[in-house]
Amino acid sequence: ARTQTGAADAAPEWSSRAAFIAAAVGSAVGLGNIWKFPYMAGVSGGGAFVLTYLGFVALVGVPVLIAELLLGRHGGPSIVQALGRMAAGARGGRLWNGLGWFVALTALGVLSFYSVVAGWALAYAAKAAVGGLSALTPQASTRTFDALLADPAQMIAWHTLVMGAVVAIVARGVKGGIERAVRWLMPLLTALLVVLAVYAGGVGDFARAVEFLFRPDVSALTPEVAMAAAGHAFFTLSLGLGAMMVYGAYVPKSVSIPRAAVWVAAADTVCALLAGLAIFPLVFGFGLDPAAGPGLIFVTLPVAFAAMPGGAVVGALFFLLIVVAALTSAVALIEPLAAALGGAGERRRVWTLRLAAGAWALGLASVFSFNLWSDVRLFGQTVFDFIAHVTGDLALPLGGLGFAVFAGWVAGRSLTAADFGSPRVHAAWLLLVRFVAPTVLALVFLDLLV
Ligand code: PFF
Ligand code: NA
């Protein structure tokens, strides 16, 4: 293994297979699992969304994850240039540069609100640490969260702290920092999720939660729900933005990418389901609204921490771990554009700062959508919902579709059977990225249009 000094290296490598998996899991497991999955499941009617999302992860997510990682391995970390190079000679060569820019810009849009939500988690870690989340009724918990949303200055402060941490990590070298954080803190987060799920099952309504999450109500499966499930499958696996492509570029040649991809997807899915099992027993047990939206975990979990012995410590730790998980995801959102615009070395550092500043500024729109601009509607949605929807539900699946088609039809020959270990696995993957994934995604998009 070569040096680990940071993102500025010309061709750095993860120090080992375990280090790469840790980083990929670090990118995948984040707010998507603990914050977005429960809230999306809640507003989208539970089981219909959850099972569709699981289907997308298996049929489309894993193949596209393999595709992105392999494209990175063969094309290198500068995704725009890499796509252009791999497309050279193929029809529509120029178009594929466009895909690179499109996904990299989407990543910045995601980062803008991701940092705001991570800021909420940081605020809650601080509140919990000073005992500010104890003795809460569900009503009081709702008021606490609403008070945070009503205070733009406070939200901007937390948002700024998070974005500053992202820049600091990227500047000091993504790899070393991420590796260490993920190896120790992710297992701890998972363990805490298990504890919370068990506790919630004890004090809440476990049976109803399981029924809500896993019994599909077919009539709830609207085109919008299918689209949201597709989008969430990409979001939670960090796909469709070029982030995994950048990470794939650093994978040692000896590592089997398909096998690693299955591990990453499995770990991510387990974390999401655990989060669901920690939240929904409380939601139903305490009579909270499952469709409460983006605030769901911030309203629900404090109720559990308040009732739990040692809840202030557990709560502070839990929200802090969410922030760590968010940071190891957020750094991956800057990588694609920083690599595309800055290349290596000093220019990259400058671009990282500029990009973070841009995402920070766009994040202000999300902040204000909860207070100063709460009356503003874009296509019937608040600014926050609009940015989250356009990036997460539309741009991500489009980007993922682009990567699937590119890997299956354009770059096909440079991704060889050797990458798969077995010709059968290679053939199965080709079938999935060439036909299954594009067909399923096209159907979902068409369904949405008619
Ligand atoms: N997968 C992350 C999550 O579930 O929180 C979100 C994310 C991170 C998406 C990085 C895309 C990405 F490049
Ligand atoms: Na995730």
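The questions and answers below concern a predicted model.

User: Which residues come nearest to ligand 1?
Analyst: The shell around ligand 1 holds 16 residues. Helices α1 (17–28), α2 (31–43), α5 (93–129), α10 (223–236) and α14 (311–342) each supply at least two residues of that shell. Those that come nearest to ligand 1 are Gly30, Gly32, Ser238, Ala243 and Ser329.

User: Is serine 238 buried or exposed?
Analyst: Serine 238 is placed in the loop between α10 and α11 (243–249). A residue counts as buried if 20 or more other C-beta atoms lie within 10 Å of its own. Serine 238 has 29 other C-beta atoms within 10 Å, so this residue is buried.

User: What is the phi of serine 238?
Analyst: Most residues other than glycine have a negative phi. Serine 238 is not a glycine, yet its phi is positive, at about 60°.

User: Are α5 and α14 roughly parallel or roughly antiparallel?
Analyst: Two packed helices are described by the angle between their axes and the distance between the axes. For α5 and α14 the angle is about 160° and the axes are 8 Å apart. Because angles over 145 degrees count as roughly antiparallel, α5 and α14 are roughly antiparallel.

User: How many residues of the contact of α5 with α14 are nonpolar?
Analyst: α5 passes α14 in a left-handed crossing. The contact of α5 with α14 has three polar residues and no charged ones, while the nonpolar residues number 27.

User: Which word describes how α3 and α12 lie to each other?
Analyst: The axes of α3 (residues 47–75) and α12 (257–285) come within 9 Å and cross at roughly 130°. This angle falls between the range for roughly perpendicular, 65 to 115 degrees, and the one for roughly antiparallel, over 145. The helices α3 and α12 are therefore oblique.

User: How many residues of the contact of α3 with α12 are charged?
Analyst: The crossing of α3 and α12 is right-handed. Residues of α3 in the contact include Val57, Leu65 and Arg73, and those of α12 include Ile257, Ala261 and Thr269. The contact divides into 12 nonpolar residues and two polar ones, and the number of charged residues is one.

User: Which residues does isoleucine 34 touch, not counting residues up to four places away in sequence?
Analyst: Isoleucine 34 belongs to helix α2. With 28 C-beta neighbours inside 10 Å, isoleucine 34 counts as buried. Beyond four places in sequence, isoleucine 34 touches Ala275, Ile297 and Ile322.

User: What separates the C-alpha atoms of alanine 291 and serine 44?
Analyst: Alanine 291 lies in the loop between α12 and α13 (296–307), and with 14 C-beta neighbours inside 10 Å this residue counts as partly exposed. Leaving out residues up to four places away in sequence, alanine 291 touches Gly42 and Val43. Alanine 291 and serine 44 are 247 residues apart along the chain, while their C-alpha atoms are separated by 7.7 Å.

Methods. Residues numbered from 1 in each chain as written. Chains lettered and ligands numbered in written order. Predicted model: local features only at pLDDT ≥ 70, side-chain atom pairs only at ≥ 80, totals over all residues. Near = placed C-beta within 6 Å. Helix = DSSP H or I, 4+ residues; strand = E, 2+ residues; numbered from the N terminus. Axes fitted to C-alpha atoms, helices over the stretch in contact; angles between N-to-C directions. Parallel < 35°, antiparallel > 145°, perpendicular 65-115°, else oblique. Left-handed = near helix turned anticlockwise from the far one by under 90°. Nonpolar A, V, L, I, M, F, W, Y, C, P; charged D, E, K, R; others polar. Buried ≥ 20, exposed ≤ 12 C-beta atoms within 10 Å, placed from the backbone. Contact = placed C-beta atoms within 7 Å.
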